[in-house]
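Subject: Structure handover

Dear colleague,

Here is the structure I said I would pass on.

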Amino acid sequence: KIQYLMKALQIFEEIPASNLVVSHASKVISNLSADHPSAAIFWSSKYKHLLEQGDVDGAYVALVSNPDSKRRRDYLRHFIMVLCEKGMTKELCSFPYVGLSDQVSKVLVSKARGTDLALSNLYDLLYSFHTLKGNFR
């Protein structure tokens, strides 16, 4: 049964039918246990397509719900990069990042160090992120 569901997901992604991918992944996730080996694949597809659609709130929920810690870390980095590129700094700082704040900080520091200070406001973003989280080191 799971092979059929994964094949359907693959077809929806190839069409491309982003709304169908999100809908299908959501239905499958609701019927799978959190520790099912394929759950991470469906959460990942849901995340990618929600972010592609511009639903950053839904993408964040899918990202933090993914049971695979490696995928969660990789997609967190991707999430931060996409929001930075789109200038969505307020939105970026608004999420709780429970258990992920250190990783967010590391990604922002790494990105800030790799950009020209004159062309970037990443250190301001990093300062805002820490201030909003009450992290006064």
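This is a predicted model: local features need pLDDT of at least 70, side-chain atom pairs count only at pLDDT 80 or more; totals for chains, interfaces and linings use all residues.

Residues are numbered from 1 along each chain as its sequence is written, and side-chain values use heavy atoms, with hydrogens and water left out.

Overall

The protein has eight helices and zero strands, taken as DSSP runs numbered from the N terminus (helices: H or I, at least four residues; strands: E, at least two). The C-alpha trace spans about 50 × 30 × 20 Å along its principal axes. Of the 137 residues, 40% are buried; buried means under 20% relative accessible area, exposed over 50%, and partly exposed in between (1.4 Å probe, protein chains only). Taking contacts (heavy atoms within 4.5 Å) between residues at least 6 apart in sequence, 57% join residues at least 24 apart.

The protein exposes about 8,200 Å², and carbon and sulfur atoms supply 54% of that area (Shrake-Rupley method, 1.4 Å probe). There are 17 positive and 13 negative charges, whose mean positions are 4 Å apart. Lys and Arg count as positive and Asp and Glu as negative, without His and the chain ends; each charge is placed at NZ of Lys, CZ of Arg, CG of Asp or CD of Glu.

Helix α1

Helix α1 (residues 2-14) has 13 residues, and its end C-alpha atoms are 18 Å apart, which agrees with the 18 Å that it should span at 1.5 Å a residue. The expected span is 1.5 Å times one less than the number of residues. Leu-5, Ala-8 and Leu-9 are buried in α1. Seen down the axis, the buried residues of α1 fall within an arc of 100°, so they line one face of the helix; the arc is that of the directions from the helix axis to the C-beta atoms. They pack against α2 (18-31) and α3 (39-53). On the face turned away from the buried side are the exposed residues Gln-3, Tyr-4 and Glu-14.

Helix α7

Helix α7 (residues 101-113) also reaches 18 Å from its first C-alpha to its last, close to the 18 Å expected for its 13 residues. Its buried residues are Val-104, Ser-105, Val-107, Leu-108 and Ala-112. These cover an arc of only 165° around the axis, which puts them on the same side of α7. Their cover includes α5 (69-85), α6 (89-94) and α8 (122-132). The face of α7 turned away from its buried side carries the exposed residues Asp-102, Lys-106 and Arg-113.

Regards
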